[in-house]
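Good morning, and thank you for joining this meeting.

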Amino acid sequence: VCFPIFALALQCFLEKIRKQSHRCDYLKIFFLTGGHQVLAEGGETFSTFSAGELLSMWAEQQLKELTSEALTHNVRVQVQVVHSGSGIFVYDQNVRFVNQFLLPKVDDARELAVQEYKSAWSGLFHVTTTLAEGAPARVSAITQSLIPFRPAYIHILRPKAFAEKGVLFEDGVEFLNFDAASAVPAVRIPA
C-alpha cells in the first residue's frame with residue numbers, strides 16, 4: 001500500500017505546484033515513518049522498513065525525472081525513512097519515537113529553511129501530513145506533535161483500493177489546509 005499512497009501524495013503536491021504562476025524553487029522532503037510489531041503468538045514480525053527503503057530508492061530514480069519533465073519550477077525531492085522499531089501500536093512508544101526521531105528531522109528541515117531564507121523562512125516552510133491508514137497510536141502521536149507547525153493534510157480516502165482493484169482513484173484524495181482539517185479547541189462548559 002506504501003507505493004500508491006506515496007504516489008497519490010506526490011501527485012497532490014505536484015498539482016499544487018503546477019497552479020503556481022510564478023517560478024519558484026521547491027524542496028520537498030518526505031519522511032516515511034514505519035515500524036514493526038512482534039506478533040502476540042510469537043510469529044514473524046511485520047515491518048514496513050523494507051517497503052520504506054524500496055520506496056526511497058524508487059523515488060531517487062524516478063521522481064527526479066517526473067518533476068523535471070512535468071514542471072517549469074525547480075523541484076527537488078528527498079525521501080527519508082524514519083523507522084521506530086517495535087511498538088507501533090503502543091501510544092507512549094510512539095510519542096517517544098516522534099520526540100526522539102521524527103521531530104528532530106523536521107527541526108533539521110526547518111533549520112535548513114532558516115539558513116536558506118533568513119527571516120522569510122516561516123512563510124516558505126510548510127509541513128503536510130498524509131493520512132491514509134495506520135496504527136491509531138502512531139497516527140495520533142504524529143498528528144498531535146505536528147500541531148505547532150500548522151500542517152496541511154492530504155487525506156487518502158481509499159488507501160487499499162490499489163491492492164483490491166489494481167487502480168488509484170484521484171478523486172479519493174483531498175488536500176486540506178490546517179484550518180479546514182483542525183477541530184475547534186475544547187471549550188469549557190460552565191457548571
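Thr-130, in this predicted model, stands opposite Ile-154 of strand E5. The strands concerned, E4 and E5, run parallel and are joined by four bridges. As a general point, side chains in a regular strand alternate between the two faces of the sheet.

Let me turn to the helix itself. H5 covers residues 136–145, and Ser-145 belongs to it. Is Ser-145 buried or exposed? Its relative accessibility is 14%, and because buried means under 20%, Ser-145 counts as buried. Apart from neighbours within four places in sequence, Ser-145 is in contact with Val-98 and Leu-103.

I come now to the aromatic residues. The count of aromatic pairs is three. In one of them, the ring centres of Phe-125 and Phe-149 are 6.2 Å apart, with the planes at 55 degrees, so this pair is tilted. The pair links distant parts of the chain, as its two residues are 24 residues apart. Phe-125 sits in the loop between helix H4 (121–124) and strand E4 (128–131), whereas Phe-149 sits in the loop between H5 and strand E5 (152–156). Both Phe-125 and Phe-149 are buried.

Thank you for your attention.

How values were computed. Residues are numbered from 1 along each chain as its sequence is written. This is a predicted model: local features need pLDDT of at least 70, side-chain atom pairs count only at pLDDT 80 or more; totals for chains, interfaces and linings use all residues. Side-chain values use heavy atoms; hydrogens and water are left out. Buried means under 20% relative accessible area, exposed over 50%, partly exposed in between (1.4 Å probe, protein chains only). Contact means heavy atoms within 4.5 Å. Rings of Phe, Tyr and Trp (its six-membered ring) pair if their centres lie within 6.5 Å; planes under 30 degrees apart count as stacked, over 60 as edge-to-face and the rest as tilted. Two strands pair if DSSP finds at least two bridges between them.
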